[in-house]
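Colleague: I have just opened this one. Can you walk me through it?

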Amino acid sequence: MNKSIRRRAGLSLTAVAVIAAVSACGGEDAKNGAETKLQSGAEVTKVLKAAYQKTEEAKSAKVEMVATMPDSAAFGGGGEMKLSGVMGWDPMMMDMTMSGGGLKMTPGAPEQVRMVWLDNAMYMDTGAAAAKEMDGKRWLKIDLKSLAEQSGSAALQKQLTGSLDSMDQSPAEQIAMLLESKSIKHVGAAKVDGVDTQHYKGTISLEEMLEKNDSLVLGEKERAQLLKGLKGTGISSYSTQLWVNKDGLPVKTDLSMKTPEGVITMVTNYSDYGAKASVKAPPAAETFDFGRIMEKLGEGMKGLGV
């Protein structure tokens with residue numbers, strides 16, 4: 001079987017795993033003393049409900065993220081992955097550059113990869129060298145729904161469609177999850193990259209979310225969709241920290257998620273809310289369908305009698 005095909009498949013699925021899970025500029029909390037008054041539970045709820053609404057309405061932002069993945073084959077060997085670019089929600093879209101993590105573990109992979117997410121498909125710029133192995137086309141298209149159907153594996157279908165649902169998660173929905181937590185609290189004032197913010201944190205398990213019947217900000221349909229995505233990823237609990245600026249918008253989130261493979265941490269900084277997310281799919285003439293790679297892998301396995 002062609003080794004380059006296996007490398008391309010491994011790199012692509014690693015990227016899917018990272019985005020689905022999905023640059024920590026340090027935030028320094030002020031000392032809680034006479035000059036810092038902590039908000040009551042009612043005040044915290046009021047502030048975060050307003051932050052949710054403002055974030056939902058913004059629909060896009062620039063993003064800088066560092067994700068630390070467990071040492072697992074499911075995450076390409078783990079390690080630290082960096083992503084930066086623009087993200088939009090409602091509808092979900094992104095144009096990101098990824099480096100580190102699974103790329104370092106994949107022989108022949110470039111140091112960084114540009115990824116575009118649009119219309120429920122992900123496109124990866126695999127570079128000029130890889131294009132020679134894909135009919136001269138450097139962009140690899142991954143349609144998760146088609147890939148799930150093509151696999152014929154119920155377990156893989158559940159994982160991939162769960163990944164698709166979890167990708168459609170905005171910073172507003174991270175606020176919504178924080179509002180689900182019974183342990184939510186105001187930590188105090190903080191500086192994040194020179195910006196004055198208020199710091200909040202809370203922890204909630206998927207079991208607790210499933211036991212609740214409503215949400216402070218999400219509608220019934222939205223909440224059901226969010227829970228569906230979370231169940232598909234295998235995440236069992238979330239610990240969330242959130243820093244909100246004077247305009248009521250998140251400037252930083254710090255998520256710690258427990259999965260069967262280990263703990264995933266994602267620290268994300270947001271800026272330029274509302275900036276137009278002009279995300280475009282690459283030209284069809286420069287795009288190679290990942291499904292064809294999977295077909296070739298399948299043919300190779302049959303040739304080996306597997």
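Modeller: Buried means under 20% relative accessible area, exposed over 50% and partly exposed in between, with a 1.4 Å probe and protein chains only. Buried residues account for 49% of the 306 residues in the protein chain.

Colleague: What should I know about the source of the model?

Modeller: This is a predicted model, where local features need pLDDT of at least 70, side-chain atom pairs count only at pLDDT 80 or more, and totals for chains, interfaces and linings use all residues. Residues are numbered from 1 along each chain as its sequence is written, and side-chain values use heavy atoms, leaving out hydrogens and water.

Colleague: How many helices and strands does the protein chain have?

Modeller: The protein chain has 10 helices and 13 strands. Both are DSSP runs numbered from the N terminus: helices are H or I with at least four residues, strands E with at least two.

Colleague: Where is Asp95 found?

Modeller: Asp95 is in strand β4 (residues 93–100).

Colleague: Why does Asp95 count as buried?

Modeller: Because its relative accessibility is 16%.

Colleague: With which side chain does the side chain of Asp95 make a polar contact?

Modeller: The partner is the side chain of Arg114, at 2.8 Å. A polar contact is a pair of N or O atoms within 3.5 Å; within protein, one must be able to donate a hydrogen and the other to accept it, and residues adjacent in sequence count only if both atoms are side-chain atoms.

Colleague: Changing topic, how do β8 and β9 run?

Modeller: Strand β8 (residues 185–192) and strand β9 (residues 195–205) run antiparallel, joined by seven bridges. Strands pair if DSSP finds at least two bridges between them. Lys191 has Asp196 in β9 as its bridge partner.
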